[in-house]
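Look over the sequence and the fold below.

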Amino acid sequence: VGPVSSNWDRACELYAQIKGTVVDYGVCHSRDAGHSRFGTDYTGQGFYPQWDASQRIHFVGHSMGGQTIRMLEILLQEGSGCPEDTNPLFTGSGNWMRSVTTLSSPHDGSTLVGLLGDGLIGFLKNLIVGFAGITDETIFEALYNFKLDHWGITKQPGESFNSFWNRLESSILSNDNTDLAPFSVSEDGARKQNNLGRQTYPNTHYMSFATERTRPERTCIFWVFCWDYEVAENGMFFLLRVTAGLMGNSEVAVEKRKNDGVVHWESMKCPTSSSQGKDNCRRYNGNWQPNQWNWIDVPYFDHMQVVTTNSWNDIFNYDRSAKKLYVDHAQRIISLNNGNLANSFKEDYGLAGQVVDMSEYDQSSEINKWHKVSMASSVFMGLLVVGAVLLSARKLRGRLRKEQETDSQEEFNELEMQGTVESRGESIPSSIIGIRDPAVSAFASTKKKYGRGLGSITKVHV
């Protein structure tokens with residue numbers, strides 16, 4: 001589904017992909033949003049075309065994906081509220097979901113959106129560029145599809161990621177557009193979505209995994225003036241360490257400081273900014289009951305690590321690995337079908353009439369073989385990422401060196417014109433050499449505003 005689209009649009013795309021139909025964004029919604037009503041045609045390509053209220057399925061979503069699943073459920077249960085919509089997605093077709101599982105999802109929005117403010121769009125771009133290690137043409141640009149055809153925006157042949165993003169930013173991508181992801185994942189956007197329907201629906205099981213990778217810190221002056229905040233733990237993904245400190249700074253409400261680098265912990269438990277509040281939200285106690293949210297604390301993963309299998313923990317600390325988390329929850333989902341997999345799945349894989357025991361997962365030679373292949377693939381991809389980061393750092397160093405030389409020459413020329421320095425080959429004192437880099441300025445201003453909440457950043461000279 002579209003990575004920068006709203007939860008409404010993404011839910012419509014998800015429905016069409018599962019059923020195998022043309023994406024229909026709804027008559028009234030499309031008219032209000034200002035984009036086309038129809039999108040990509042998935043006719044004949046449906047994942048499970050027979051999906052309906054009599055053949056319900058299980059959904060698992062990470063981050064915004066969890067919000068998207070809930071929006072899809074609300075549309076199926078409540079309808080769109082537009083008399084002109086005739087698509088079954090918008091007419092209140094009923095309960096089509098057997099279970100809903102979310103990982104690190106901002107059910108009540110993320111405080112990061114408000115903290116970044118106008119810098120959110122730039123942060124999204126830099127996160128993508130930094131994570132992929134890209135600055136020009138890459139495999140990423142060829143494969144990544146933003147699915148914005150309904151907005152009339154498509155990536156042109158040979159167009160670089162930076163050029164495409166700049167075109168996107170100058171047309172529709174802004175904090176003011178409420179039909180895109182930035183608003184959907186904000187606290188205001190989440191509240192608007194939550195109020196469209198119920199927190200839970202009967203006969204559907206709900207589970208959420210709340211990730212966190214920060215720890216509390218306290219700073220005191222003469223043991224009198226103290227302030228508390230959260231800082232990133234050492235194992236947090238390096239791109240998320242600064243945002244984790246920003247979200248955990250002392251100016252943020254205490255209950256919203258603990259986070260995984262992108263979403264605060266409380267928001268991941270369940271949607272509480274609806275009319276039902278926290279009535280149907282409880283910590284999972286081993287008994288997975290329907291019509292209420294059950295949440296599990298995962299204090300050893302950040303926002304990215306929870307979807308990264310074959311990690312260090314998979315080898316040396318299996319009890320705290322993503323692999324075990326998924327295996328355990330797969331068993332819970334299977335238990336909802338009386339300990340058996342769906343008949344259609346078993347028929348597809350020649351398992352008709354058999355009971356599949358997930359406890360044998362680790363003993364399976366085929367799975368272990370695949371695990372080794374995946375490990376090798378992960379190591380290879382890790383090396384590619386490191387190489388890309390080093391290449392980007394090299395290019396950045398080159399740009400800084402060029403800027404430094406330019407600044408030095410300009411200041412030398414200015415001083416020479418003023419008669420302060422005579423051009424007789426003397427070396428220029430380092431004190432007049434300036435590096436004017438926006439990133440350094442941004443870190444400095446953020447450090448000044450939020451104090452020690454940024455962890456390892458202690459002093460910046462600009």
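Which residues line the largest cavity? This is a predicted model, and in it the lining consists of Glu13, Val23, Tyr25, Gly39, Thr40, Tyr42, Lys147, Asp149 and His150. By class, these split into three nonpolar, three polar and three charged residues. The volume of this largest cavity is about 70 Å³. The count of cavities of 30 Å³ or more comes to two.

Turn next to a pair of helices. Helix H1 spans residues 7–19, and helix H3 spans residues 64–78. The two pack with their axes 8 Å apart, at an angle of about 75 degrees. Angles of 65 to 115 degrees count as roughly perpendicular, so H1 and H3 are roughly perpendicular to each other.

Now look at the residues in that contact. H1 brings Asn7, Trp8, Arg10, Ala11, Leu14 and Tyr15. H3 meets them with Met64, Gly65, Gln67, Thr68, Met71, Leu72, Leu75 and Leu76. The residues of this contact of H1 with H3 divide into nine nonpolar, four polar and one charged.

Finally, step back to the whole chain. It has 16 helices and nine strands. The chain holds 462 residues, and 44% of them are buried. Buried here means under 20% relative accessible area. Consider also the contacts between residues at least 6 apart in sequence: 65% of these join residues at least 24 apart.

Key. Residues numbered from 1 in each chain as written. Predicted model: local features only at pLDDT ≥ 70, side-chain atom pairs only at ≥ 80, totals over all residues. Heavy atoms only, no water. 1 Å grid on protein atoms, 1.4 Å probe; cavity = no way out; pocket = protein on both sides within 12 Å on 5 of 7 lines; lining within 4 Å. Points joined across faces, edges and corners; volume = space filled by probe spheres on them. Nonpolar A, V, L, I, M, F, W, Y, C, P; charged D, E, K, R; others polar. Axes fitted to C-alpha atoms, helices over the stretch in contact; angles between N-to-C directions. Helix = DSSP H or I, 4+ residues; strand = E, 2+ residues; numbered from the N terminus. Parallel < 35°, antiparallel > 145°, perpendicular 65-115°, else oblique. Contact = heavy atoms within 4.5 Å. Buried < 20%, exposed > 50% of the residue type's maximum accessible area, 1.4 Å probe, protein only.
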